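Here are some notes to read alongside the model as you get to know it. Take the points in any order you like.

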Amino acid sequence: MEQKLRVGVIGATGMVGQRFLTILENHPYFEVTCLAASKRSAGRSYEEAVGDRWKLKQPMPEKYKKMTVEDAWEVDTVAEQVDFCFCAVDLDAEKTRELEYAYAKKETPIVSNNKAHRWTPDVPMIIPEVNDDHLQIIEAQKKRLGTKNGFIAVKPNCSIQSYVPALSALLAYEPYEVVATTYQAISGAGKTFESMPEIIDNVIPYIGGEEEKSEQEPLKIWGHIENGEIVKASSPIITTQCLRVPVSDGHTAAVFVKFKKKPTKEQILEAWKNYEGKPQQRKLPSAPEQFITYFEEENRPQPKLDRDRDKGMGTFVGRLREDTVYDYKFIGLSHNTLRGAAGGAVLNAELLVSEGYLVRK
């Protein structure tokens, strides 16, 4: 880009906000010009506001340490400093919706990491390689909000990135029943091993709200636009169980699937190998060169070995084989704070730039 877009990060002090800053430190499209968080952080330097709560292995980027944190609710103050914002606040859904609407109505687009607007009918919930056509709904949303440029776009739940891309590549074979059990890393809860000692030598078989999101969000992603709304798909039926496991980063899924038109194993592997979208075709900065990578080894993919491949932005699959109850079963893996959270939102923003939805004010 000739001139970088000015970006704000709302919720900059939390784990996902921290991840945004490490990704955006040297981004070719975006320059962070504003950091925003809660009132208790406002007015302090970023380094002071975060204190001992920096949770990433990478050090805090020097360029942000002395930046003054703004109050996220001072919408006018933040909006005048940026062209758009990433949002990763830790608020309840109602407050998050209120905040994101406030920015959109100030003609400041929001690319959100939050769940609050995932089921708003005219807000696109995007995996860029899968449903970029849903961006068309933004025009209906802007009409509803009465804005010229302001809108909200969101990314889906982090865990579904481990299996939805693999299933999306196979939609031509009409999957109609899916069982997915996800084994989710502690960073998905904003935790490290130091702050979550109860996970060590343990598995916690419950993550609040996760199973509903894992079963329903794919259907919106596979849905269609009708009368200014995104109508979710009616199939496949998905049932899930979601477990928290002692892994730092990387969500793993064990997936079982039935097809109306059962493919051969060779057809599945070919579909995965060739599956790509606009991020690959346009060589967007955060896009993995190979979206879905299949491992022939019986013991792969593994979070520790594979989550950081392709900048942590790919989907990794393995152990594809026929099943005695379902047609096929396989293992999926994705990096939950990169592809599944901040990285996925940054890739969404890159796609929005390439489609002309994000521009300088």
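**Notes on the model**

1. Let's start with a cysteine: C87 counts as buried, at 1% relative accessibility. Keep in mind throughout that this is a predicted model. The cysteine sulfur closest to that of C87 belongs to C85 and lies 8.0 Å away, which is too far for a bond.

2. How many disulfides does the structure hold? The count is 0.

3. Now the sheet. It is an open one, built from 6 strands in the order β10-β7-β11-β14-β13-β12, with mixed pairing. Which strands sit at the edges? They are β10 (237-244) and β12 (292-295), each of which pairs on one side only. From one strand to the next, the twist averages 20 degrees. As background, strands of a sheet pair through backbone hydrogen bonds, and the pairing can be parallel or antiparallel.

4. Zoom in on one end of that order. Strand β7 (residues 175-184) pairs with β10 in the parallel sense, over 8 bridges. Helix α9 (residues 210-221) lies across β7 and β10, and runs at about 145 degrees to β10. Another helix, α10 (residues 265-274), packs on the sheet too, touching β12, β13 (315-322) and β14 (328-334). The direction of α10 makes about 175 degrees with that of β13.

5. Follow the chain on from β7 and you can find S187, in the loop between β7 and α9. Is S187 buried or exposed? Its relative accessible area is 7%, so S187 is buried. Beyond its neighbours within four places in sequence, S187 is in contact with M15, S248, D249, N336 and T337. With S248 there is a polar detail: the backbone oxygen of S248 lies 2.8 Å from a polar atom of the S187 side chain.

6. D201 is found in the loop between β7 and α9 as well, but this residue is exposed, with a relative accessible area of 77%. Look at its backbone: D201 is not a glycine, yet it has a positive phi of about 60 degrees. R319 is another non-glycine with a positive phi, of about 55 degrees. Its place is in strand β13, and R319 is partly exposed at 32% relative accessible area. Why point these out? Because most residues other than glycine have a negative phi.

7. Two prolines deserve a look. A cis peptide bond joins S235 and P236, with omega about 5 degrees; P236 lies in the loop between β9 (229-231) and β10. The bond from R300 to P301 is cis as well, with omega near 5 degrees, and P301 is found in the loop between β12 and α12 (303-306). For context, most peptide bonds are trans.

8. On to helix α7 (residues 138-145). Which of its residues are buried? They are I138, Q141, K142 and L145. Seen down the axis of α7, these fall within an arc of 100 degrees, so they line one face of the helix. The elements covering them include α5 (93-105), β6 (152-154) and α13 (338-354). Just after α7 comes G146, which takes a positive phi of about 75 degrees.

9. Last stop: E350, in helix α13. With a relative accessible area of 0%, E350 is buried. What is E350 in contact with, leaving aside neighbours within four places in sequence? The residues are H27, Y29, F30, L284, P285, S286 and A287. With S286 there is a polar contact of 2.6 Å between the two side chains. E350 and K155 are 195 residues apart along the chain, and their C-alpha atoms are separated by 13 Å.

Notes. Residues are numbered from 1 along each chain as its sequence is written. This is a predicted model: local features need pLDDT of at least 70, side-chain atom pairs count only at pLDDT 80 or more; totals for chains, interfaces and linings use all residues. Side-chain values use heavy atoms; hydrogens and water are left out. Buried means under 20% relative accessible area, exposed over 50%, partly exposed in between (1.4 Å probe, protein chains only). Helices (H or I, at least four residues) and strands (E, at least two) are DSSP runs, numbered from the N terminus. The arc is that of the directions from the helix axis to the C-beta atoms. Contact means heavy atoms within 4.5 Å. Two strands pair if DSSP finds at least two bridges between them. Axes are lines fitted to C-alpha atoms, for helices over the stretch in contact, and angles run from 0 to 180 degrees between N-to-C directions. A disulfide is a pair of cysteine sulfur atoms within 2.5 Å. A polar contact is a pair of N or O atoms within 3.5 Å; within protein, one must be able to donate a hydrogen and the other to accept it, and residues adjacent in sequence count only if both atoms are side-chain atoms.
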